[in-house]
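Please examine the sequence and the structure shown below.

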Amino acid sequence: MSKLTILANVFAKNDMIELVKTELIKLIAATRAEPGCINYNLHQDNDNQTHFMLYENWQNREALLAHMNTPHFKQYLVATEDAVESFTLNEMTSIN
């Protein structure tokens, strides 16, 4: 498979916005250093502060799966277990 684009949407609980934001920021440097990571960019919605979106590109799906098994990603999941209202992940392929 060719390059894989990920759009991940994280919605924090209203009283957990700063915790989720802090934990997401912790992921950036370590994730960008991973083999297969092309880019990893975190965004926060200007109108809905609970909404965070990650725009990621990986060399392939195997690199993404390896990312999901890293200690820093697992730590994020533990730290935000009760702080996230919802999460969606879309795996996408560029068509142009």
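## Val20 and its contacts

In this predicted model, Val20 touches Val10, Ala12, Phe52, Thr80, Ala83 and Val84, with residues up to four places away in sequence not counted.

## The largest nonpolar core

Val20 also belongs to the largest nonpolar core, which has 20 residues. Within this core, Val20, Leu24, Tyr40, Phe52 and Trp58 touch the most other members. Two or more core residues come from each of the following elements: strand E1, helix H1 (17-32), strand E2 (37-44), strand E3 (51-58), helix H2 (61-67) and helix H3 (71-79).

## Helix H1

Helix H1 consists of 16 residues, and the distance from its first C-alpha to its last is 23 Å, close to the 22 Å expected at 1.5 Å a residue. The buried residues in H1 are Ile17, Val20, Glu23, Leu24, Leu27, Ile28 and Thr31. Viewed down the helix axis, the buried residues of H1 fall within an arc of 165°, so they line one face of the helix.

The face of H1 turned away from this buried side carries Glu18, Lys26 and Ala29, which are exposed. The cover over the buried residues of H1 includes E1, E2, E3, H2, H3 and strand E4 (84-92).

## Thr5 in strand E1

Thr5 lies in strand E1, which spans residues 4-12. Thr5 counts as buried because its relative accessibility is 10%, and buried means under 20%.

The side chain of Thr5 forms a polar contact with the side chain of Asn57, at 2.5 Å. Apart from neighbours within four places in sequence, Thr5 is in contact with Tyr55, Glu56, Asn57, Asn90, Glu91 and Met92.

How values were computed
Residues numbered from 1 in each chain as written. Predicted model: local features only at pLDDT ≥ 70, side-chain atom pairs only at ≥ 80, totals over all residues. Heavy atoms only, no water. Helix = DSSP H or I, 4+ residues; strand = E, 2+ residues; numbered from the N terminus. Buried < 20%, exposed > 50% of the residue type's maximum accessible area, 1.4 Å probe, protein only. Polar contact = N/O pair within 3.5 Å; in protein donor to acceptor, adjacent residues only side chain to side chain. Contact = heavy atoms within 4.5 Å. Core = buried A, V, L, I, M, F, W, Y, C linked by side-chain atoms within 4.5 Å. Expected span 1.5 Å × (residues − 1). Arc of directions from axis to C-beta.
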